[in-house]
Amino acid sequence: MRTLTLLSSLALLGCKAPVEAPSELNELSRYLYREWDNEDPEVMQRGLENLAVFMDGLDMDAGVNDRSFLMEPPTAEDLADIDRPEERDPADMLGVSVAFKSQWTVADHARLQKKSDQTPTEPTAESYARDADPSDCFTARSCDTIRTVNEIRRENFLMKVNFTLYKDFRWVDVDGGQALISRSWTDQIWEGDGGDGAIYQSHSIDVWMPDGNSSRRWQLVWSESDVGVSDEDLITGTLKVTVDNIFDKGDKAIDELFYAD
């Protein structure tokens with residue numbers, strides 16, 4: 001008697017194989033970036049479910065060093081569907097990720113992301129102008145995605161530079177409601193003032209997960225820059241603190257912009 005494999009049986013029945021996402025943080029991070037634009041909603045759902053499980057094991061009240069992780073760089077395949085400086089090797093990027101407990105809901109954070117002036121959310125940005133769809137469909141959740149172009153002037157003790165950042169957002173249905181996940185990138189090399197330093201390549205993932213009347217945040221940053229120092233521990237330590245400050249400023253901005261008396 002002829003037997004059918006599981007995959008053949010599923011094909012005959014018109015069913016698809018269940019989606020599986022990695023659970024190890026490095027592999028999961030690359031998966032979330034690579035599959036961000038996948039048309040099958042289950043792909044991102046499974047990835048965010050695994051991220052939620054990972055965050056369940058963290059002490060969100062701990063200091064930043066207990067909520068942050070050094071990350072392996074992505075591969076060229078992970079970045080294949082976006083414009084990027086092809087002369088740069090993704091393996092040269094440093095990576096960190098940080099988790100955070102926000103007092104505000106995902107909906108509050110979505111309202112903040114629609115603001116054209118993002119300067120209040122960024123501790124090292126002298127200016128941060130976002131060009132986004134002016135309609136309310138995204139915050140009303142009647143459309144799933146929004147694509148933004150951001151003109152940024154960043155100044156810190158490592159570098160002063162103007163650059164353009166592309167950042168896209170999408171809603172994903174998860175247990176407890178809807179999560180928000182964004183993916184960002186730079187498409188060229190940006191030199192610092194007077195040729196002093198440069199952003200060679202930069203990519204990030206931001207996640208906002210529903211958590212009752214609050215939310216949990218997670219951000220991954222991969223970057224390669226010439227910042228005038230070669231100490232990787234100093235660079236990654238600075239990135240961790242910067243991301244944590246972004247979380248803190250985001251919460252304060254929501255309070256001041258939407259809930260101040």
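This report describes the helices and overall build of a predicted protein model.

Residues are numbered from 1 along each chain as its sequence is written, and side-chain values use heavy atoms, without hydrogens and water. Because the model is predicted, local features need pLDDT of at least 70 and side-chain atom pairs count only at pLDDT 80 or more, while totals for chains, interfaces and linings use all residues.

The protein has 5 helices and 9 strands, where helices (H or I, at least four residues) and strands (E, at least two) are DSSP runs numbered from the N terminus. From the N terminus on, the order of these elements is α-α-α-β-β-α-β-β-β-β-β-β-β-α. Along its principal axes the C-alpha trace spans about 75 × 50 × 40 Å.

| Helix | Residues |
|---|---|
| H2 | residues 25-34 |
| H3 | residues 41-56 |
| H5 | residues 232-259 |

The axes of H2 and H3 come within 10 Å and cross at roughly 150 degrees; these axes are lines fitted to C-alpha atoms over the stretch in contact, with angles from 0 to 180 degrees between N-to-C directions. In their contact (heavy atoms within 4.5 Å), Leu-25, Leu-28, Tyr-31 and Leu-32 of H2 meet residues of H3 including Val-43, Met-44, Leu-51 and Phe-54.

How values were computed:
Expected span 1.5 Å × (residues − 1).
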